[in-house]
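Please look through the sequence and the structure shown here before reading on. The report that follows goes through selected places, one after another.

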Amino acid sequence: MSATDHPPRGRRAGSRSLLVAGAGIASLTLAVALKRAHGPALDVIVCDPGLEAGAVRHRGRAYAVAAGPRRMYEQLGLWPRIAAAAEPMRRLVISDSRVGDPVRPVFLTFGDGTEARGEGEPFAHMVEAEPLVGVLLDAAREAGVRLVAAGVRAAVPGPGAIRVSLSDGSEASVALVAAADGARSALREGAGIGWVGWSYPQSGIVATIQHARDHEGRAFEHFLPSGPFAILPLVAGGELGHRSSIVWTERSADVRALLGGDAAETLAEIERRFGAELGRIALEHGPSAHPLHLGIARSFRAPRLALLGDAAHVIHPLAGQGLNLGLAGAAALAEAVTGALRLGLDPGADAVLRGYEQARRFDTVAMAAATDGLNRLFSNDSLTLRLTRDFGLGLVDRMPGLKRFFIGQASALRGQTPRLLRGEAL
Ligand SMILES: Cc1cc2nc3c(=O)[nH]c(=O)nc-3n(C[C@H](O)[C@H](O)[C@H](O)COP(=O)(O)OP(=O)(O)OC[C@H]3O[C@@H](n4cnc5c(N)ncnc54)[C@H](O)[C@@H]3O)c2cc1C
């Protein structure tokens with residue numbers, strides 16, 4: 001299958017057309033959902049200079065896909081294809097200690113009856129990004145989404161359409177642009193939308209680890225003084241038989257010293273934090289370090305432009321919710337556009353974009369505040385804070401009702417849940 005389609009050269013302006021800038025997981029999901037719902041009645045274009053490389057550029061990354069987004073993939077008929085690369089997270093074990101502590105007291109466990117719907121549905125699956133993006137690209141082509149390996153240079157809104165110029169010299173006039181061009185979104189800046197946020201003095205180090213013992217669907221989050229160290233279960237495989245992804249938060253100033261040595265030294269640093277529970281370990285992929293930020297766009301919309309994914313919000317990865325927020329945004333935007341099209345209205349109209357923003361703003365701000373607060377509470381070595389948080393975690397552990405509430409938050413099944421996340425058709 002060819003990597004891209006022909007560019008949208010010389011197409012007529014249309015109120016039944018949408019251009020998605022950026023071919024990440026949330027934006028491809030939006031494109032597939034809309035094209036499946038409307039077929040030839042809606043023209044959907046996805047453009048990204050990275051499309052030339054296909055899904056390979058996502059190798060080594062894995063995401064905790066919450067129960068809500070998984071139901072959306074089921075509704076879109078994609079979950080059976082994704083499932084081969086998805087490991088159910090059945091238990092989450094949380095501990096609070098220092099590196100090198102001989103024992104890591106467990107303060108909180110999720111699982112065994114606190115699942116998303118109480119019907120044995122895991123609250124999340126760990127899904128590897130390369131196969132997930134591969135499935136989404138195939139589904140986009142099958143549905144008739146036009147994939148263009150070029151970036152958006154400019155987008156100028158007019159009365160009935162927004163005119164988009166691409167880096168390959170082509171132009172298109174569409175009713176709406178979904179700007180999913182990442183945290184440093186040029187489209188957001190071009191539209192004059194402000195950004196509120198800051199950088200953490202921390203980096204997120206990600207790697208794929210092979211280990212000798214089965215994780216049995218358990219995820220571990222060890223809160224260490226420099227930040228959380230998460231071990232997240234992946235599908236079995238590799239020479240040692242079992243695999244997990246790690247997301248290791250460290251002070252950015254220490255990253256070079258920790259990862260600058262040879263492979264054996266890097267593995268030894270990982271082993272000190274990974275612990276011995278899963279037996280012998282080996283590095284399969286990585287590590288790679290990503291500076292961490294928090295940021296929210298002052299608005300999620302401008303005339304004929306909707307911000308999606310990291311272009312709209314970036315949060316601390318300690319709860320694995322960044323992509324899930326983007327997927328909830330994709331579901332909400334697909335619902336708003338579909339509602340307008342079914343009534344014969346303009347999908348790029350202000351009222352449609354206002355509806356999208358209202359559906360997502362509160363949840364997004366709440367999640368950003370929650371992850372920021374948890375990071376401040378845990379990423380330090382203050383004895384007083386440590387005693388307080390450990391007492392708090394112990395209390396939550398003994399209260400099934402509260403645990404179900406937290407699982408609801410982590411499953412992206414809260415607040416104004418868009419239809420697709422509830423497993424309902426658009
Ligand atoms: C260490 C770490 C661990 C994480 N773990 C999790 C997790 O477990 N679960 C979770 O839900 N989230 C997690 N996240 C968050 C998640 O990675 C991001 O929220 C998600 O990848 C954002 O996707 P996106 O498509 O919005 O942006 P990006 O992935 O940044 O994609 C933007 C795309 O836009 C393209 N682009 C740029 N400019 C243009 C242009 N002008 N025109 C067209 N295209 C353009 C780029 O080529 C790129 O493909 C983690 C983040 C970090 C840092």
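## A buried glutamine

Gln202 counts as buried, because its relative accessibility is 6% and the cut-off for a buried residue is under 20% relative accessible area. The model is a predicted one, and this residue is found in its strand β13, which runs over residues 195–211. The side chain of Gln202 is joined to the side chain of His316 by a polar contact of 3.0 Å.

## The surroundings of the ligand

Around the ligand there are 25 residues, and the closest of these are Asp48, Val152, Asp310, Leu323 and Asn324. Sorted by class, the shell around the ligand is made up of 11 nonpolar, 9 polar and 5 charged residues. Two elements, the strand β3 (62–66) and the helix α8 (322–342), each supply at least two residues of this shell, and the largest share, 3 residues, comes from α8.

Which atoms of Leu323 lie 2.7 Å from an oxygen atom of the ligand, those of the backbone or those of the side chain? It is a backbone N or O atom of Leu323 that lies at this distance from the ligand oxygen. Taken alone, the ligand exposes 1,000 Å², and the protein buries 80% of that area. A polar backbone atom of Gly322 is 3.4 Å from a nitrogen atom of the ligand, whereas for Tyr63 an N or O atom in the side chain is 3.5 Å from a ligand oxygen atom.

## Charges over rings and an aromatic pair

In two places an arginine is placed over the ring of a tryptophan, and each is described here in turn. The charged end of Arg70 sits over the ring of Trp79, with a distance of 5.7 Å to the centre of that ring. Arg188, in turn, lies over the face of Trp195, where the distance to the ring centre is 3.9 Å.

Pairs of aromatic rings are a separate matter, since such a pair is described by the distance of the centres and the angle of the planes. With ring centres required to lie within 6.5 Å, the count for this model comes to 1 aromatic pair.

## Backbone features

A cis peptide bond joins Gly286 and Pro287, and its omega is about 5 degrees. Pro287 is found in strand β17, which covers residues 281–297.

Glu216 is not a glycine, and yet its phi is positive, at about 50 degrees. The place of Glu216 is in the loop between β13 and β14 (218–224), and Glu216 is exposed because its relative accessible area is 56%, where the cut-off for exposed is over 50%. Arg304 also has a positive phi, near 60 degrees, in a residue other than glycine. Arg304 has its place in the loop between β18 (301–302) and β19 (305–307), and with a relative accessible area of 7% Arg304 is buried.

How many residues apart along the chain are Gly320 and Ala64? They are 256 residues apart, while their C-alpha atoms are separated by 5.9 Å. Gly320 has its place in the loop between β20 (313–314) and α8, and Gly320 is partly exposed, with a relative accessible area of 29%.

A second pair of this kind is formed by Val93 and Glu221, which are 128 residues apart along the chain and whose C-alpha atoms are separated by 6.3 Å. Val93 is located in strand β5, over residues 91–96, and at 10% relative accessibility Val93 counts as buried, as the limit for that word is under 20%.

Note on methods:
Residues are numbered from 1 along each chain as its sequence is written. This is a predicted model: local features need pLDDT of at least 70, side-chain atom pairs count only at pLDDT 80 or more; totals for chains, interfaces and linings use all residues. Side-chain values use heavy atoms; hydrogens and water are left out. Rings of Phe, Tyr and Trp (its six-membered ring) pair if their centres lie within 6.5 Å; planes under 30 degrees apart count as stacked, over 60 as edge-to-face and the rest as tilted. A charge sits over a ring if NZ of Lys or CZ of Arg is within 6 Å of the ring centre and within 35 degrees of the ring normal. A residue is near a molecule or strand if one of its heavy atoms lies within 4 Å of it. A polar contact is a pair of N or O atoms within 3.5 Å; within protein, one must be able to donate a hydrogen and the other to accept it, and residues adjacent in sequence count only if both atoms are side-chain atoms. Accessible areas come from the Shrake-Rupley method with a 1.4 Å probe; for residues, only the protein chains shown count as cover. Helices (H or I, at least four residues) and strands (E, at least two) are DSSP runs, numbered from the N terminus. Ala, Val, Leu, Ile, Met, Phe, Trp, Tyr, Cys and Pro count as nonpolar, Asp, Glu, Lys and Arg as charged, and the others, Gly among them, as polar. Buried means under 20% relative accessible area, exposed over 50%, partly exposed in between (1.4 Å probe, protein chains only).
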